[in-house]
Amino acid sequence: MQSAQAACDALCNPKTEVSAHYLIAEDGEVISLVPEDMRAWHAGAGRWGGVTDVNSRSIGIELANPGCCPFAAAQMDALEDLLRGIMQRWAIHPERVIGHSDMAPGRKIDPGARFDWQRLALAGVSIWPASVAGAPSLDFHALARRFGYTADVPDDTRLAAFRLRFRPGHIGPLDDVDRAIIADLAGRFPVDAIGVTA
C-alpha cells in the first residue's frame, strides 16, 4: 500500500478478507486493529515448521511501506517496542519472529529486501546468522526445512525467500555462503524443537 491510511482502509474492510493485529504508520504510530487474543487474517495459507495454520498461532504486524523503500527510523523504533511487549506477553522466542515472505515463500514478499532484520536481531527481537564460513557438503534445503521453511514449495522458491531475508539482493545459484548461513540458523534454531504445531 502507498500509505498507512490506504493500508488501514484495506485491513478494516471485510470485503478484502485480510486483517492484522497491528499496523505501524510511517511516522511510528501504532494502530491496533485486532485484539492480540483474537485471530487475524494476515498469513493466508502460510506455514512455518509444524505450524500449518499461521493465522491461529501468530500476531500479525503490518508496516506501511510501498515495498521498495527503506523503512523509516520512527517506524522501526515503534516496531522494536511493539515486538518487545508482544514477546513478553506471549513468551515468544526471537526465532519465532518471522516475515510473511518466510511463511509463504513465492506468495508473499513482505517485508521485503529493504527491511532491516539485522537491526531487529541486534535489539534482541529477531535473529541473525552468526557464521558465514563455507559449508559445501551440506543439504541446504533439508536445513532450511529444519529451520522452518516449508517443504511445500519448489527449491528455488525456498532459496529466494531465504535470501530475501538473510542475503537481500544476492542472486545466482545456491552457494556455500547460503549453506553456511542456513547451517548456523538450523543448528541454533530448529523450528520444531520448541514443540509448537497446528
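## Where H5 meets H6

In this predicted model, Phe140, His141, Ala144, Arg145 and Phe147 of helix H5 touch Asp155, Arg158, Leu159, Phe162 and Phe166 of helix H6, with contact meaning heavy atoms within 4.5 Å. Sorted by class, that contact has 6 nonpolar, 1 polar and 3 charged residues. Here Ala, Val, Leu, Ile, Met, Phe, Trp, Tyr, Cys and Pro count as nonpolar, Asp, Glu, Lys and Arg as charged, and the others, Gly among them, as polar.

H5 spans residues 140–147 and H6 residues 155–166, and their axes come within 11 Å, crossing at roughly 60°. That makes H5 oblique to H6 (under 35 degrees is roughly parallel, over 145 roughly antiparallel, 65 to 115 roughly perpendicular, the rest oblique).

## Asp178 in H7

Asp178 sits in helix H7, residues 176–188, and is buried at a relative accessible area of 0% (buried is under 20%, exposed over 50%, partly exposed in between, with a 1.4 Å probe and protein chains only). Leaving out residues up to four places away in sequence, Asp178 touches Phe140, Leu159, Phe162, Arg163, Arg167 and Pro173. The C-alpha atoms of Asp178 and Phe140 are 7.4 Å apart, though 38 residues separate them along the chain.

## The buried face of H1

Over in helix H1 (residues 4–11), the buried residues are Ala4, Ala7, Cys8, Ala10 and Leu11. They fall within an arc of 165° seen down the axis, so they line one face of the helix. Their cover includes strand S1 (22–24) and strand S3 (61–63).

## Ground rules

Residues are numbered from 1 along each chain as its sequence is written, and side-chain values use heavy atoms, leaving out hydrogens and water. Because the model is predicted, local features need pLDDT of at least 70 and side-chain atom pairs count only at pLDDT 80 or more, while totals for chains, interfaces and linings use all residues.

Key
Helix = DSSP H or I, 4+ residues; strand = E, 2+ residues; numbered from the N terminus. Arc of directions from axis to C-beta. Axes fitted to C-alpha atoms, helices over the stretch in contact; angles between N-to-C directions.
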